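Colleague: I would like to learn how to read a model of this kind, going from the whole chain down to single residues. Could you take me through it?

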Amino acid sequence: MKISYNWLKQFINIDWDAVKTGELLTDLGLEIEGIDTYQSVKGGLEGVVVGEVLTCEQHPNADRLKVTTVDVGGDKPLHIVCGAPNVAAGQKVPVATIGTTLYSAEGEAWTIKKGKIRGEESHGMICAEDELGLGSSHDGIMILDKNIEVGTLAANIFDIENDQVFEIGLTPNRADAMSHFGVARDLKAGLIQQEVNLELITPSVSAFHVDNRVLKIDVDVQDKTRAPRYCGVTISGLKVSASPSWLQHRLKAIGLSPINNIVDATNYVLHELGQPLHAFDADKISGKKIIVKTLPAGTKFVTLDEVERELHEEDLMICDGKETPMCIAGVFGGIHSGVTEETTSIFLESAYFDPVSIRKSAKRHALNTDASFRFERGIDPNITEYALKRAALLITEIAGGEITSDLIDEYPVKIEDFQVRLSFENAENLIGEEIPREIIKRILMSLDITINNVTETGLGLTVPAYRNDVQREADIIEEILRVYGYNNIGITEKLNASISNSSKFEDHKVQNVIGDQLVSQGFYEIMANSLTTPKYANLSEHLKEEHNVTMLNPLSTDLSVLRQSLLFSGLEAIAHNINRRQTSLKLFEFGKTYHNYNDTREEHKHLSLLITGNKNAERWNAENKASDFFYLKGSVDAVLNRLGISRARTSPIKNDVFSEGLSLGLGKTKLVDFGIVKKSILKTFGISQEVLFADFNWDNILEVAKRNKITFTDIPKYPEVRRDFALLLDQSVQFEDIHKIAKQTEKQLLKNVNLFDVYEGKNLPKGKKSYAVSFTLLDEHKTLTDKQIDKIMNKLQANFEKQLGAELR
């Protein structure tokens, strides 16, 4: 939000420099993000002086140029070549001296330099209106009043506005500060705390009166819930034209473009007092009647931006006597009822609309206007009539005309102020130190908070309705603290610390452990938005649209539901990176999924891994290998092993987002699904390379990790022995068969069975393959003898031959 310092000084006569004022506003909670300089004429005409043309002769080498001598108050006249047809001796003219910087209409800077024009030296420039930024005329040079003294600075004779503009990062709760008056009100409170007492100057409306009653427009507020207060008045005989320069400067300073005197006046009062206004062309109001109501869903309405919109049944509309919509109340006007150059009479509206209703309509139609910005945050319901009078007087001042109706004020149920009780003890506990009670009272009164009663323990307070963010005791304490100054609260030198007895399996601790491990393996953590599009539910049979948790007031259709899976938000991240030539990715995310099962909402925590591209970064001395299923499986096993979960069983995948995959679990408890994502799903995101995905059920992982007891065993004192078999087997035999037979044959001493080579090809009988299998034997109490080892290996060989038809190669 932009606040003009010159405009602010109309409310409070402060002589501080802008930087010091900005520091105080920041301390008050109105954070100043920057201070910009505004000049109505860019450059401020610095270096431009008034000169008198002493001589004017024809240029010897150019028909359209003149050679002049100009007195600018210096030691000697300047020799200047001029191409203007109206230059003549005896004129007083604006002269840009050497070194002066001027600006084009597009804002490009150019500097006046000494030079030669067709052989004649020129030491400056006699300027036209457009060259100085004082108008658009370029027919000739400006001719000034002959009574102006030579050498006078041009900045002293033209109406140039120099201003400093605060950029305030306004928080959403501070609706009361969304105007120059609101900021001045806060500034006054801060100055009182600085022991600087200044009066708050408010525009007078005492001159408001009805000139005649020739144009009456009735008002019928049918929806009093959405429009608790509605005011209006007519003004006739006005003339729509450009606004006076002072008004244009005010609007330009805060980044608004002047339109015409009527619209500019309503915008001026909006930013002055914080009350949105709307002017209707009175001749376009059928039946001379205003009806405030909602219309049936699907009603067509063309707004000022020439876009035809379909209305919602909850959109509050301003209609004419035929119930034809003219304006989306508090949001945007219609194209057919606005003020034009032919307008001679208006109906001026000032209202208080329900903030929730305005916010929904603005979001529904993707419209964000200065009016809706204020209405949806809650404006002052008690300023409605005052702002209308202020705007009416301003319009009659700059556009002429007369007030031609009584002021209508439909306000059936007054919006009450807030009653709050403040405990001195609670204030001290929350602030951390005791603020003198007299200072507390002074601060509250400076904020327009009325003190109804005072006791030893606290205060009974009435908070004005425009402070809709101050309704609790904690809000009152916050107000006291921000005006008193956070910097004035002392910091204790005592350091307190407490030690809590917490389990090492608390969620955040386990997350940190696994997160650190994944980062050490080259993964990057991502944090995706939990809001997503409902279309993703169609990508898997396990996800259904009826299970979506839908937002009541979504920001957009693409962010209208909570996600049911971490996969799709992860694929969005992968697609985003691939489109920026980051094709090798290893990502992980801790996040939640949300489900609506038979009107019972559930949320489940997950850990997701996403891998695509090469395993390692490209290097000259290492071969690039693509990440594959087994690389993903290793990452999954590493997570489980880190948590001491080593007994997980493998089962076929039951998730249709994978083309190939596995599921790991303990009993009926599923721990993780992982595999290769289907190409049809990747195509939806524009991804053409393979993507690997693992989905850990984090809630189950934590439960299993808590139950799992880590045991420790001594390192064996005695050596282990390894023996190998090269077995010729049928193609149908699996390693699982060998492992099972081996474990059944020797349960005590056989510690490990490993397949380390598979051979299929020539020199082998048809339908056969060769497995190279190693067997690790260990007796934890003594050293194994060759006799024991040979006996075990013979048993193994015999069982393989008998049960599998194996042969030793």
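This is a predicted model: local features need pLDDT of at least 70, side-chain atom pairs count only at pLDDT 80 or more; totals for chains, interfaces and linings use all residues.

Colleague: What does the secondary structure of the protein come to, and what radius of gyration does the protein have beside that of a compact globule?

Modeller: The protein has 19 helices and 41 strands. A compact globule of 809 residues would have a radius of gyration near 28 Å, whereas the value for this protein is 41 Å, and the C-alpha trace spans about 130 × 85 × 65 Å along its principal axes.

Colleague: What share of the residues is buried, and how should I read the contacts between residues at least 6 apart in sequence?

Modeller: Of the 809 residues, 47% are buried. As for those contacts, 70% of them join residues at least 24 apart. The protein exposes about 42400 Å², with carbon and sulfur atoms supplying 47% of that area, and it carries 92 positive and 115 negative side chains, the centres of the two sets lying 11 Å apart.

Colleague: Which residues of α15 are buried, and what do they pack against?

Modeller: The general idea is that an α-helix has 3.6 residues a turn, so residues three or four places apart point the same way. In α15 the buried residues are F629, L632, S635, V636, A638, V639 and L640. They pack against the helices α13 (507-520) and α17 (698-707), and against the strands β33 (600-612), β35 (658-666), β36 (669-677) and β37 (691-697).

Colleague: Which residues are buried in helix α11, and which elements do they pack against?

Modeller: In α11, which runs over residues 437-446, the buried residues are I439, I440, K441, I443, L444 and S446. Their packing partners include the helices α4 (180-193), α10 (424-431) and α12 (473-484), together with β25 (418-423), β26 (450-454) and β27 (458-463).

Colleague: Where do K288 and E306 lie, and are they buried or exposed?

Modeller: K288 is found in the loop between β15 (277-281) and β16 (289-294), and its relative accessible area of 30% makes it partly exposed. E306 sits in the loop between β17 (300-302) and β18 (308-310), and it counts as exposed because its relative accessibility is 63%, the cut-off for exposed being over 50%.

Colleague: Is A537 buried or exposed, and what does it touch?

Modeller: A537 lies in the loop between β29 (531-532) and β30 (549-550), and it counts as buried because its relative accessibility is 7%. Not counting residues up to four places away in sequence, A537 touches L543, K544, E545, N548 and Q564. A537 and R642 are 105 residues apart in sequence, and their C-alpha atoms are 33 Å apart in space.

Definitions and conventions:
Residues are numbered from 1 along each chain as its sequence is written. Side-chain values use heavy atoms; hydrogens and water are left out. Helices (H or I, at least four residues) and strands (E, at least two) are DSSP runs, numbered from the N terminus. The radius of gyration is taken over C-alpha atoms; the globule rule is 2.2 Å times the number of residues to the power 0.38. Buried means under 20% relative accessible area, exposed over 50%, partly exposed in between (1.4 Å probe, protein chains only). Contact means heavy atoms within 4.5 Å. Accessible areas come from the Shrake-Rupley method with a 1.4 Å probe; for residues, only the protein chains shown count as cover. Lys and Arg count as positive and Asp and Glu as negative; His and the chain ends are not counted. The place of a charge is taken as NZ of Lys, CZ of Arg, CG of Asp or CD of Glu.
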